[in-house]
Structure formats: structure tokens, C-alpha cells
Amino acid sequence: MTVATGSRRDGDKHEPIFEPDRRAVVTAVVYGIIAAIIWGAWPVLSRLGVEQSLNAYDITALRFVVAGILLLPLFWRRGIAGVGWTGACLLTFGAGAPYVLIGVGGFSFAPAGHGGVIIPSFMLSAATIGGWLVLRDRPDAVRLIGLAGIMAGVVLIGWDRWGAGGGSEEWIGHLMFGIAGLLWAIYTVGTRLWSVDPLHATALVSVLSMVVYLPPYLIFGATNLFQAPLSEILFQGVFQGVAVGILALLFYTRAVAVFGAGRGAVFAALVPALAVLFAFPILGEVPTWLEIAGLSTVTGGMVCALGLFRRGRR
């Protein structure tokens with residue numbers, strides 16, 4: 001549990017000061033790392049899906065149909081209580097169908113390694129700025145040093161891939177990845193702003209995305225689902241709908257509830273390194289020494305940005 005020790009001097013009512021106890025910190029770190037592992041696999045397995053038989057529309061549909069059906073009873077009981085329609089729409093816009101469709105769509109133009117670098121780096125920067133401006137969660141010097149280390153590691157991981165060039169349409173994928181990162185930041189700040197229960201937030205995003213996205217998907221018929229092998233459909237359905245759509249979002253929201261929007265967003269910085277590692281056996285993308293150095297730099301930056309040095313001394 002967390003214990004309130006005061007409030008911000010500027011009187012902002014949304015961001016009280018909390019000092020998590022040791023057990024809460026350890027649990028939140030575990031939740032954040034599990035979410036990062038799942039999200040690190042997401043660009044790789046999503047890229048694998050669009051390289052095989054499915055497209056971005058199919059993967060988005062599988063994610064929210066599976067998660068939406070599983071979480072429909074919870075949504076039916078709780079509805080939009082505590083956040084209202086404005087909050088529900090913003091959370092759904094940030095982590096729901098728009099985010100997934102744009103992010104997965106980028107893999108049709110650029111490699112998984114690019115998405116694994118650009119999406120979390122944009123999210124981390126935007127969430128830190130948003131937490132500062134909206135929640136008055138001003139980063140201190142140690143957090144800023146950690147964020148600088150994270151961004152340096154992200155650049156190292158992506159340096160070879162960006163420097164090697166690519167197809168003329170890769171910039172489209174990069175732009176889509178950047179937009180997806182900004183959307184993810186909206187969800188990160190929003191969950192803290194409205195103090196949303198993690199499972200409730202996940203149910204809101206999943207069910208509302210299913211309701212909004214499924215009709216146009218079925219009407220316009222931009223799908224390869226009926227031509228895809230059953231094994232691919234089942235695999236992507238379980239991974240996208242259960243692992244990514246429910247578990248990762250639930251664990252990430254729990255981590256944000258303990259650390260706040262700015263520090264909680266730091267777990268997303270693990271995604272580039274994990275995406276590089278997963279891409280090696282799955283997609284045959286061999287990591288370079290620069291990417292390995294970037295992995296170490298990102299990890300060190302995460303420790304600083306989470307304030308674990310200060311917690312250890314206390």
C-alpha cells in the first residue's frame with residue numbers, strides 16, 4: 001500500500017505526494033517489468049503477423065474482440081464510473097484501437113526494431129512532459145539524468161538501423177510510430193489523472209474499442225482473416241487479446257499507480273532493448289554492439305529515473 005505524506009505546494013488536487021513502502025515498490029517494479037517484456041515482444045510478433053497472413057486491421061480486431069469479450073462483464077458492472085465519458089474516451093483513444101491500428105500499421109512500412117525504439121521513446125518524453133504540466137509531477141535532477149540516459153540508450157539501439165537507411169516509405173512507418181507513442185502517453189497521464197483502477201481502465205479500453213472498431217472493420221471488409229491459417233489466428237488472438245490487451249495494460253497501470261505517470265512511464269524504456277533481443281531469434285535481426293550498449297544504458301537510466309538509488313539509501 002502507499003501512504004500519503006503531503007501534497008503539492010501549488011495546490012494541485014490530482015497529484016498528492018505518496019511514499020510507497022518497500023513491498024509496494026518491489027511489486028510495482030515486477031509489474032512494470034512484466035508489462036515491458038510483453039510490450040517488447042509486441043512489435044516483433046506484430047511484425048511477424050503482418051509478414052505472414054494477417055494485416056494491421058486483423059491484428060487490431062483480434063486484440064480488442066478477445067479482450068473486450070473477456071472484460072465485458074466487468075464493464076457491464078462498473079461502466080464509466082469515476083472517469084465519465086471524457087475520461088473513458090481519452091483512455092480509449094490513447095491505448096485502444098487508434099493506438100494499436102497506427103502502431104501495427106507502421107510495421108507495414110518499417111522494421112520492428114524501428115517501432116520498438118520510436119514508440120516508447122516518444123511515449124516516455126511526452127508522458128514526462130504531460131505529467132509535469134498536467135499533474136505537477138516535476139522531475140528532479142536524478143530523474144532528468146535517468147531520462148537522458150534512457151534517451152541516449154534508445155539512440156544507440158536505433159543508430160545502426162536509422163543510419164543504414166531503408167526503403168523510401170520507411171518515413172511513413174516512423175511517423176506512425178511517433179504518433180502511437182504520443183497516444184500511449186495520453187493513456188499514461190490519464191490513468192494517473194483520474195486515479196483509475198487498473199482492471200477497470202483495461203476493461204474500458206478493451207470494450208469501448210471493440211464496440212467502436214468492430215462495425216467498420218466488418219462493414220468495409222479490409223481483412224485477410226478468412227484466408228489466414230487457424231494457428232496464426234489463435235496465436236495472435238491469445239497474444240494480442242490476453243497478453244497485450246489485458247495483462248500488460250493491467251500490470252503497467254498498477255506500476256503507474258505506485259510510481260506516478262512520469263516514473264511509471266520509464267518501464268516503457270525497456271521495450272527497445274527487449275524488442276532488439278526478441279527480434280534476433282524470431283525475425284533474424286542480429287543485434288549489433290551498439291544495440292547491446294544501448295540496452296545497458298537504458299537499464300541504468302531506468303534505475304536513476306525510478307529513484308531507486310535514493311530509496312536504497314533511505
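Visitor: Let's start with W184: is W184 buried or exposed?
Guide: Keep in mind that this is a predicted model. W184 is buried, since its relative accessible area is 4%, under the 20% cut-off.

Visitor: OK, and how many aromatic pairs are there?
Guide: The count comes to 10 aromatic pairs. One of them joins W39 and W184, with ring centres 4.6 Å apart and planes at 70°.

Visitor: Why is the pair of W39 and W184 edge-to-face?
Guide: Because the planes of W39 and W184 sit at 70°, and anything over 60 degrees gets that label.

Visitor: Where in the chain do W39 and W184 sit?
Guide: W39 is in helix α1, residues 22–51, and W184 is in helix α7, residues 170–193. They're 145 residues apart, so this pair links distant parts of the chain.

Visitor: And W39, is that one buried or exposed?
Guide: W39 counts as buried, at 5% relative accessibility.

Visitor: Which aromatic pair does W39 form with Y252?
Guide: An edge-to-face one: 5.0 Å centre to centre, with 75° between the planes. Y252 belongs to helix α9, residues 230–264, and lies 213 residues from W39. Both W39 and Y252 are buried.

Visitor: Which residues do the ring pairs link into a cluster with W39?
Guide: The cluster takes in W42, Y99, F107, F177, W184 and Y252 along with W39.

Visitor: Switching to packing. What angle do α1 and α10 make?
Guide: About 45°, with the two axes 8 Å apart; α10 covers residues 270–283. That angle makes α1 oblique to α10.

Visitor: Is the crossing of α1 and α10 left-handed or right-handed?
Guide: The α1 and α10 crossing is right-handed.

Visitor: Which residues make the contact?
Guide: On the α1 side they include I33, I37, W39, V44 and L48, and on the α10 side L274, F278 and I282 are among them. So W39, besides its ring pair with W184, also takes part in the contact with α10.

Visitor: One last thing, S46. Where is S46 found?
Guide: S46 is in helix α1. With a relative accessible area of 0%, S46 is buried.

Visitor: What does S46 touch?
Guide: Leaving out residues up to four places away in sequence, S46 touches I59, V104, F107 and Q240. F107 is also a member of the ring cluster.

How values were computed. Residues are numbered from 1 along each chain as its sequence is written. This is a predicted model: local features need pLDDT of at least 70, side-chain atom pairs count only at pLDDT 80 or more; totals for chains, interfaces and linings use all residues. Side-chain values use heavy atoms; hydrogens and water are left out. Rings of Phe, Tyr and Trp (its six-membered ring) pair if their centres lie within 6.5 Å; planes under 30 degrees apart count as stacked, over 60 as edge-to-face and the rest as tilted. Helices (H or I, at least four residues) and strands (E, at least two) are DSSP runs, numbered from the N terminus. Buried means under 20% relative accessible area, exposed over 50%, partly exposed in between (1.4 Å probe, protein chains only). Axes are lines fitted to C-alpha atoms, for helices over the stretch in contact, and angles run from 0 to 180 degrees between N-to-C directions. Angles under 35 degrees count as roughly parallel, over 145 as roughly antiparallel, 65 to 115 as roughly perpendicular and the rest as oblique. A crossing is left-handed if the near helix is turned anticlockwise from the far one by less than a right angle, and right-handed if clockwise. Contact means heavy atoms within 4.5 Å.
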